[in-house]
Amino acid sequence: MEALPFAGAPAPASNFDPARLAGAVAFAQSRETPFPRDLLAHLRSGYFEPPPDNEVLGNTAPRGAPNGLLLLHGRPVARWGDTQQVDMTFSVAKSYLALLAGLAWGDGLIADLDAPVRDTVRDAAFEGDHNGRITWRMLLEQTSEWEGTLFGKADRIDRGRDLKREGKAEKGLDRPLEAPGSYWEYNDVRVNALSLALLHRFRAPLPEVFAERILKPIGGSGSMRWEGYCTSDVEIEGRLIQSVSGGGHWGGGVFTHAEDQARIGQLMLNDGLWDGRRILPEGWVRACTTPCRLNPDYGLLWWLNGNGRYPGASRESFLAQGAGGNYIWVDPRHGLVGVFRWLDPAALPDMLEQVTAALEGAAAG
């Protein structure tokens with residue numbers, strides 16, 4: 001197949017068992033997400049939460065067909081569908097925020113992940129006895145228990161969220177909050193609070209920082225856009241800047257294609273280096289992939305596999321994951337990066353197992 005200009009030595013498809021690799025690609029093509037093509041209608045239908053909490057505040061776009069690609073040592077070995085199709089990514093945006101936090105940490109804008117955010121961010125979102133105790137690490141690990149309403153969305157909307165039953169269970173529970181740092185919960189409003197805090201530290205639009213400092217150096221296409229809500233403009237030094245969202249279930253978030261996502265995966269596989277140039281600060285990938293004390297399947301806004309959450313993939317694997325079947329899979333043991341767009345989430349474990357078996361099978365032969 002035509003090679004894209006990724007870093008790394010050539011990795012021909014012969015490194016895989018051909019029949020197993022072809023089977024894995026066919027499997028991905030045959031397991032399309034149950035998410036409908038009309039994503040705006042899906043959000044308005046109440047998939048994530050019932051009215052009025054499901055009000056869409058940001059832009060959306062109809063999704064395209066399933067697509068994806070596999071890299072081995074930085075070179076494409078399989079590709080299916082239109083890998084330049086720009087689509088919403090939902091919570092993959094959270095892992096992008098983690099990369100921006102790494103830049104802020106490397107720049108000294110965040111001197112200590114365990115320092116309270118309010119020490120360097122002057123915003124009502126981080127004031128008071130409860131929210132004032134929240135640290136950067138808590139926001140990145142989703143243990144902050146941040147309380148309040150941000151850009152028209154209350155943290156209560158995502159309290160009690162069960163990712164295994166997404167779209168099937170009630171949430172929005174008025175459960176008593178725990179102390180910051182003592183309870184893990186996947187909560188988009190709290191991730192949006194992290195985005196707001198990073199905006200205050202960079203004093204510049206986060207999409208511009210991401211494009212200039214991450215995508216451009218790694219040869220990104222420039223087609224990515226990252227949006228917030230019609231309610232999320234923040235005044236920074238006399239100008240209004242949109243604070244971007246860390247997901248898409250109220251609209252907004254990252255719109256991008258599989259090839260640029262593969263570059264992000266390769267950057268993580270390379271420990272933040274690209275063609276010998278350090279893009280992410282030394283130690284940041286390790287920080288992102290260190291298990292959270294309260295949830296060993298989670299690091300700093302990246303999902304981990306150290307406990308065998310996906311038995312067919314290496315324990316070193318980690319992923320950026322978004323609703324509807326959007327994934328960036330990084331497998332350091334095998335030098336693999338996989339991007340899967342609009343793959344049925346129920347099929348992900350089998351997909352990872354089939355790709356891994358295709359590679360290990362060739363090695364064994």
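Reader: Where is Pro 52 found?

Author: Pro 52 is found in the loop between α2 (39-44) and β1. Helices (H or I, at least four residues) and strands (E, at least two) are DSSP runs, numbered from the N terminus. A word on the ground rules: this is a predicted model, where local features need pLDDT of at least 70 and side-chain atom pairs count only at pLDDT 80 or more, while totals for chains, interfaces and linings use all residues. Residues are numbered from 1 along each chain as its sequence is written, and side-chain values use heavy atoms, with hydrogens and water left out.

Reader: What makes the peptide bond that joins Pro 51 and Pro 52 a cis one?

Author: Its omega is about 0 degrees, and that is a cis peptide bond. Most peptide bonds are trans.

Reader: What is the phi of Glu 237, and where does Glu 237 lie?

Author: Phi is near 50 degrees, a positive value in a residue other than glycine. Glu 237 lies in the loop between β6 and β7. Those two strands form a hairpin with 2 residues between them, and Glu 237 is in that turn.

Reader: How do you know that β6 and β7 pair?

Author: Two strands pair if DSSP finds at least two bridges between them. β6 and β7 (residues 239-244) have 5 bridges, in the antiparallel sense, so they pass the definition. Gly 228 stands opposite Val 244, and Glu 235 has Leu 240 as its bridge partner. β6 (residues 225-236) also pairs with β8 (residues 253-256), over 3 bridges and again antiparallel. There, Trp 226 is partnered by Val 254.

Reader: What is the order of the open sheet of 4 strands, and which are its edge strands?

Author: The order is β3-β8-β6-β7, with antiparallel pairing. β3 (87-88) and β7 are the edge strands, each pairing on one side only. Helix α5 (residues 188-202) packs on this sheet and touches β6 and β7; contact means heavy atoms within 4.5 Å.

Reader: Why do β2 and β11 count as edges in the sheet of 6 strands?

Author: That open sheet has the order β2-β1-β14-β13-β12-β11, with antiparallel pairing. β2 (75-80) and β11 (303-304) each have a single partner strand, so one side of each is left without a neighbour in the sheet. Further in, β13 (residues 326-331) is joined to β14 (residues 336-341) by 6 bridges, with Val 330 opposite Val 337.

Reader: Why are α3 and α6 called roughly perpendicular?

Author: Angles under 35 degrees count as roughly parallel, over 145 as roughly antiparallel, 65 to 115 as roughly perpendicular and the rest as oblique. Axes are lines fitted to C-alpha atoms, for helices over the stretch in contact, and angles run from 0 to 180 degrees between N-to-C directions. α3 and α6 (residues 206-215) pack at about 75 degrees, with their axes 11 Å apart, and they are therefore roughly perpendicular.

Reader: How do the residues of that contact divide?

Author: Into 9 nonpolar, no polar and 2 charged. Ala, Val, Leu, Ile, Met, Phe, Trp, Tyr, Cys and Pro count as nonpolar, Asp, Glu, Lys and Arg as charged, and the others, Gly among them, as polar. Among the residues that meet are Tyr 96, Leu 100 and Asp 107 in α3, and Phe 210 and Arg 213 in α6.

Reader: What does α3 lie across in the sheet?

Author: Helix α3 (residues 92-107) lies across β12 (318-322) and β13, at about 125 degrees to β12. Helix α7 (residues 258-269) packs on the sheet too, touching β1 (67-72), β12, β13 and β14.
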